[in-house]
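Subject: Structure handover and findings

Hello,

Please find the structure below. My notes on it come after.

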Amino acid sequence: MPDDQLMELALDEARQAAEHGAVPVGAVVVHEGEVIARAHNRREVDSDPTAHAEVLALRAAADRLGTWRLEGCTVVVTLEPCIMCAGALLSARVDAVVFAAHDPKAGATGSLYNVADDPRLNHRFALRHGVRADEAAELLTTFFASRR
């Protein structure tokens with residue numbers, strides 16, 4: 001499935017997050033061409049500061065594969081991962097991350113930091129960005145405008 005179609009699945013997840021008052025971020029995990037996990041932000045619903053879309057999707061993917069090592073997996077997410085999520089992606093040993101919109105305030109895969117390609121760390125993952133970025137950014141803009 002092309003990145004564009006996978007991002008549509010992530011955008012669907014992001015819309016679900018917005019429906020229950022969470023920042024609209026969605027993620028999917030792909031392994032050998034198959035979507036094995038989907039998730040969206042659930043911090044508000046779960047009262048859990050770690051319930052970011054990427055972390056929840058990684059947990060579901062690890063459960064599905066029966067291992068925490070998610071080698072061969074690509075994570076597709078609507079917003080550039082934060083420091084916590086970039087660390088989780090690194091720890092999970094994913095092969096690649098595809099994200100839509102940059103996050104200039106908290107992004108850790110290019111905007112503020114680049115955890116994905118830090119030679120001091122024990123793993124690196126490929127990055128692709130900008131896939132359907134305008135749609136993801138619009139979801140976020142609309143969400144935050146409704147909160148003001």
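This is a predicted model: local features need pLDDT of at least 70, side-chain atom pairs count only at pLDDT 80 or more; totals for chains, interfaces and linings use all residues.

Residues are numbered from 1 along each chain as its sequence is written, and side-chain values use heavy atoms, with hydrogens and water left out.

Salt bridges

A salt bridge here is a side-chain nitrogen of Lys or Arg within 4 Å of a carboxyl oxygen of Asp or Glu. The count by this rule is eleven. One of them joins Asp4 and Arg132, at 3.7 Å from N to O. Asp4 sits in helix H1 (residues 3-19) and Arg132 in the loop between strand E5 (126-129) and helix H5 (133-147), so the pair links parts of the chain 128 residues apart; helices (H or I, at least four residues) and strands (E, at least two) are DSSP runs, numbered from the N terminus. Asp4 is partly exposed, at 41% relative accessibility. The classes are buried under 20% relative accessible area, exposed over 50%, and partly exposed in between (1.4 Å probe, protein chains only).

Arg132 also pairs with Glu135, with closest N and O atoms 2.7 Å apart. Glu135 is partly exposed at 35%. Through shared partners, salt bridges join Asp4, Glu8, Asp12, Arg15, Arg132 and Glu135 into one network.

Glu13 and Arg38 form another salt bridge, at 3.1 Å between the closest N and O atoms. Glu13 is in H1 and Arg38 in strand E2 (residues 34-40), 25 residues apart. Glu13 is buried at 7% relative accessibility, whereas Arg38 is partly exposed at 37%.

Helix H1

H1 has 17 residues and spans 24 Å from first C-alpha to last, close to the expected 24 Å (1.5 Å times one less than the number of residues). Its buried residues are Leu6, Met7, Leu9, Ala10, Leu11, Glu13, Ala14 and Ala17. They pack against strands E1 (26-31), E2, E3 (73-79) and E4 (96-101), and against H5; contact means heavy atoms within 4.5 Å. Gly21, which follows H1, has a positive phi near 80°.

Val23 lies in the loop between H1 and E1 and is buried, at 18%. Leaving aside residues up to four places away in sequence, Val23 touches Ala17, Asn41, Arg43, Leu140, Phe143 and Phe144.

Strand E1

Six of the six residues of E1 are buried, so E1 is largely enclosed by the rest of the structure. Gly26, Val28 and Val30 are on one side, and Ala27, Val29 and His31 on the other. E1 runs antiparallel to E2, with six bridges, and antiparallel to E3, with five; strands pair if DSSP finds at least two bridges between them. Val30 stands opposite Val35 in E2, and Ala27 has Val77 in E3 as its bridge partner. The hairpin of E1 and E2 has two residues between the strands, and Glu32 there takes a positive phi near 50°.

Loop between E4 and E5

Leu112 lies in this loop and is partly exposed at 45%.

Regards
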